[in-house]
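My entries follow in the order I made them.

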Amino acid sequence: MTTTVRRLTGLKPSGELHLGNLLGAIQPMVRDQYTSDSVLFLADLHALTVAHRSRSLRETTLRQATVLLAAGLDPDRTLFYVQSQVPDHAELHYLLHRTTVYAEAPVLQAAGILLHDATEVPAGADQREHVALTREIATRFNQRYGATFVVPDVVTPPVGARVNDLANPTVKMGKTTSSASGAIGLLDPPSLVVHKINRAVTDSETTIGYDPALRPGVSNLLEILAACVGGSPATVATGLRGYGELRRATAEAVLGLLRPVQAAYGTLARDPGYVRRLLAEGAEQARARTADTVFRAKRAIGVLT
């Protein structure tokens, strides 16, 4: 089992990656890949739990992989692959499901984390419960069968970990749950980004202030602005005179963040074979690592190895 910091992130290829994903998960992962042992997989097996079209799932998986590479993911620094291309995910899921009392979906998620001996899992506030359940599964397994799995910790980025829906700022921006106007897609054209920010819900106050409880719309824009340019939401609010200025500053900051991502995506998307080869190489590397975890689990529960 690993003794170094190993961070793991899994992203389900459903819907389109949006600004909240970039600020809350992708950017922290890109920064951390140079200081920790990083793993990122596209959790396409999780996407099978809802109605889907086969072609659409394949296209979304490849598109998300391309966006992640465009956003700075370095496959020489991060183990990057598609979940279904590493059969150990399914095998460990089965073993855990047969030896625990937990529902199937949480066990599949736990298997993805535990396969890699991850020590840390970056997660927003709404995902902490899932990591806590993984910790519980690992702890109970270890207590019953002996030390087998690393019990991971959850880490949360201080700013930008939760970007809310522009149209409904009391809920998180989501790939499949937000309305067309509520989420800023990473591939949205600049004019659409500006339009969505200009239409974002605010309030009837005359000053700019950060108060998530009482002023969720304005606070959401300040969170986005702060995450894009650095600093705290309260700090970036200083000097802004009126909602027009806040919207312009936020739009400029978001576009500044998205331009290089979209430019790199345009280049990568012209060679999908290159992206597929990177994913295949990542899956091969992952299989070499995860086989040991499955072996430990099988030996622990007593099946012949």
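**Strand 3**

I began with strand 3 (residues 78-82), which is mostly covered, five of its five residues being buried. I take buried as under 20% relative accessible area, exposed as over 50% and partly exposed as in between, with a 1.4 Å probe and protein chains only. Helices (H or I, at least four residues) and strands (E, at least two) are DSSP runs, numbered from the N terminus. The model is predicted, so local features need pLDDT of at least 70 and side-chain atom pairs count only at pLDDT 80 or more, while totals for chains, interfaces and linings use all residues. Residues are numbered from 1 along each chain as its sequence is written, and side-chain values use heavy atoms, with hydrogens and water left out.

I then checked which way the side chains point. T78, F80 and V82 point one way from strand 3, L79 and Y81 point the other way, and all are buried.

**Pairing**

I count two strands as paired if DSSP finds at least two bridges between them. Strand 2 (residues 37-42) runs parallel to strand 3, and five bridges join them. In this pair L42 is opposite V82. Strand 2 is itself mostly covered, with five of its six residues buried.

On strand 1 (residues 6-11) I found six bridges to strand 2, again with the two strands parallel. Here G10 stands opposite F41. Strand 1, helix 1 and strand 2 form a right-handed β-α-β unit; right-handed means that, with the strands pointing away from the viewer, the path from the first strand over the helix to the second runs clockwise.

**Q33**

Next I looked at Q33, in the loop between helix 1 (19-32) and strand 2. Is Q33 buried or exposed? Its relative accessibility is 2%, so I noted Q33 as buried.

I listed its polar contacts (pairs of N or O atoms within 3.5 Å; within protein, one must be able to donate a hydrogen and the other to accept it, and residues adjacent in sequence count only if both atoms are side-chain atoms). The side chain of Q33 reaches the backbone oxygen of G72 at 2.9 Å. A polar atom of that side chain also lies 3.1 Å from the backbone nitrogen of D74. For contact I use heavy atoms within 4.5 Å. Not counting residues up to four places away in sequence, Q33 touches S38, G72, L73, D74, R77 and T78.

**Helix 2**

I turned to helix 2 (residues 54-70) and logged its buried residues, among them L57, T60, L62, V67 and L68. The cover over the buried residues of helix 2 includes strand 1, strand 3, helix 9 (243-269) and helix 10 (272-301). G72 follows helix 2 and has a positive phi, near 115°.

**Cores**

A nonpolar core is a set of buried Ala, Val, Leu, Ile, Met, Phe, Trp, Tyr and Cys residues joined through side-chain atoms within 4.5 Å. The largest has 55 residues, of which L19, I26, L68, F80 and V254 touch the most other members. Helix 9 gives the largest share of this core, 11 residues. Another core, of 15 residues, lies apart from it and includes L95, L96, A110 and A297.

I also listed what L68 contacts beyond four places in sequence: L11, L17, I26, L40, L42, L73 and F80.

**D117**

My last entry is D117, in the loop between helix 4 (104-114) and strand 4 (120-122). Phi of D117 is near 55°, a positive value in a residue other than glycine. D117 is buried, at a relative accessible area of 6%.
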